[in-house]
Amino acid sequence: MKELLDLYFTFFRIGAVTFGGGYAMLPILQREVVDKKHWATEEELMDYYAIGQCTPGVIAVNTATFIGRKYRGILGGILTTLGVVSPSIIIISIIAAVINNFASIAWVQNALGGIRVCVCVFIFNSVVKLFKSAVKDKAALVIYLALFAVAVFFDFSPIYSVVVAGVLGVFFTKTGVRGK
Amino acid sequence: MILLKLFWEFFKTGLFAIGGGMATVPFLQDISAKTGWYTAAQLADMIAVSESTPGPMGVNMATYVGYTVGAQELGGPVMGVVAAIIATIGLIAPSVIIIMIVAYFLKRFRDSKLVDATLYGLRPASVALITAAGVDIVLIAVLRVDSIYQIAQATLSWKALVLAAAVYVATHVKKLNKLHPIWFIAASALIGVVLQMG
């Protein structure tokens with residue numbers, strides 16, 4: 001019981017101090033989970049983190065689930081996951097309540113107008129960064145451009161795009177188009 | 001009923017969004033278009049808040065959307081919190097299930113050629129969807145139109161362009177680019193108030 005609570009609260013703390021999620025979380029995980037608690041080795045952590053990036057969902061959550069499961073089975077995995085999301089639920093609920101209540105005030109509207117422009121630049125910056133690591137050959141560029149065009153001009157559910165892209169990835173790899 | 005739908009929509013998001021917090025944005029846009037629970041402009045605000053508060057961005061987005069939907073559709077902050085919890089659990093449920101399974105086949109999963117080939121296709125797709133989501137937000141925030149088909153009616157706001165250029169430069173200048181996103185967001189909010197960008 002004590003160990004389970006420790007799992008929950010350690011990941012609660014990690015969730016509360018991580019800004020931005022997955023990438024920012026790694027150094028904190030190394031300190032808390034590997035150095036202090038010894039719930040996983042450095043190597044295991046890097047494995048979990050790498051796999052957390054390529055399995056569906058939020059990277060931080062995936063890594064937390066892995067570590068909890070490794071140390072304390074399924075219940076451990078569930079507790080670490082709940083721990084890492086709990087601070088978000090508390091903090092964001094408060095902020096959302098405040099913003100939603102004041103959103104109709106003129107100066108808040110103006111502030112949000114400025115913030116939205118800033119968000120555009122943030123998204124642009126993260127697209128550039130992600131593009132460099134995801135699109136490394138012509139076949140990947142074809143997938144990128146085709147799905148971008150579909151997403152911009154049509155009202156398709158992104159789920160279809162993801163499924164088609166997975167199939168294309170396998171097809172391009174098997175037919176040897178990949179890497180060209 | 002709304003809570004059930006909320007859970008299901010976020011379950012799908014958690015299942016298909018691969019590669020971090022930003023990857024959930026296209027799915028949240030899709031939910032907004034389908035349900036009308038929140039506007040695309042609100043979504044941009046949620047991104048700003050999610051990036052500048054602690055916690056994984058994808059989780060913050062789910063909580064924010066959940067709260068907004070609950071408070072608005074079901075009434076009151078209590079339902080907001082309930083819906084926030086349900087949306088968040090919906091988002092993380094597929095992860096937990098998948099990781100539990102993958103953990104058993106860890107080595108096989110890591111070395112699998114099929115997984116590698118699938119990811120080879122998924123990575124550019126994820127970036128493509130995020131780019132498209134970014135275009136939609138630019139349409140709303142900078143060009144002040146609702147869709148790409150109205151681009152002819154766009155009014156180019158010089159204030160927005162100048163601010164965008166300034167933020168871009170600031171995020172690429174040495175030392176400044178190490179600053180936490182919250183500072184850029186706060187500065188943009190201030191400029192928004194001064195220049196009346198609402």
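Biologist: What makes the meeting of the side chains of Arg110(B) and Asp47(A) a salt bridge?

Modeller: A salt bridge is a side-chain nitrogen of Lys or Arg within 4 Å of a carboxyl oxygen of Asp or Glu. The N to O distance for Arg110(B) and Asp47(A) is 2.2 Å, so the pair meets the rule of within 4 Å. The count between chain A and chain B is 3 salt bridges.

Biologist: What should I keep in mind about where these values come from?

Modeller: This is a predicted model, in which local features need pLDDT of at least 70 and side-chain atom pairs count only at pLDDT 80 or more, while totals for chains, interfaces and linings use all residues. Side-chain values use heavy atoms, with hydrogens and water left out, residues are numbered from 1 along each chain as its sequence is written, and chains are lettered from A and ligands numbered from 1 in the order in which they are written.

Biologist: How do you know how many residues of chain A and chain B are in contact?

Modeller: Contact means heavy atoms within 4.5 Å, and by that rule 88 residues of chain A are in contact with 92 residues of chain B. The chain A side divides into 57 nonpolar, 26 polar and 5 charged residues, where Ala, Val, Leu, Ile, Met, Phe, Trp, Tyr, Cys and Pro count as nonpolar, Asp, Glu, Lys and Arg as charged, and the others, Gly among them, as polar.

Biologist: What area do chain A and chain B bury between them?

Modeller: They bury about 7,900 Å², 77% of it on carbon and sulfur atoms; buried area is the accessible area (1.4 Å probe) that two parts lose on being put together, summed over both. In chain A, Ile92(A), Arg116(A) and Phe122(A) lose the most area to chain B, together 8% of what that side buries.

Biologist: Into which domains is chain B divided?

Modeller: Chain B is divided into domain 1 (2-146) and domain 2 (157-198), with bounds that come from an automatic or database domain assignment. The contact takes 6 residues from domain 1 of chain B and 9 residues from domain 2 of chain B.

Biologist: How many salt bridges does the rule find across the interface of these two domains?

Modeller: Between domain 1 of chain B and domain 2 of chain B the rule finds 0 salt bridges, although the area buried there is about 540 Å². In domain 1 of chain B, Ser52(B), Val142(B) and Arg144(B) lose the most area to domain 2 of chain B, together 72% of what that side buries.
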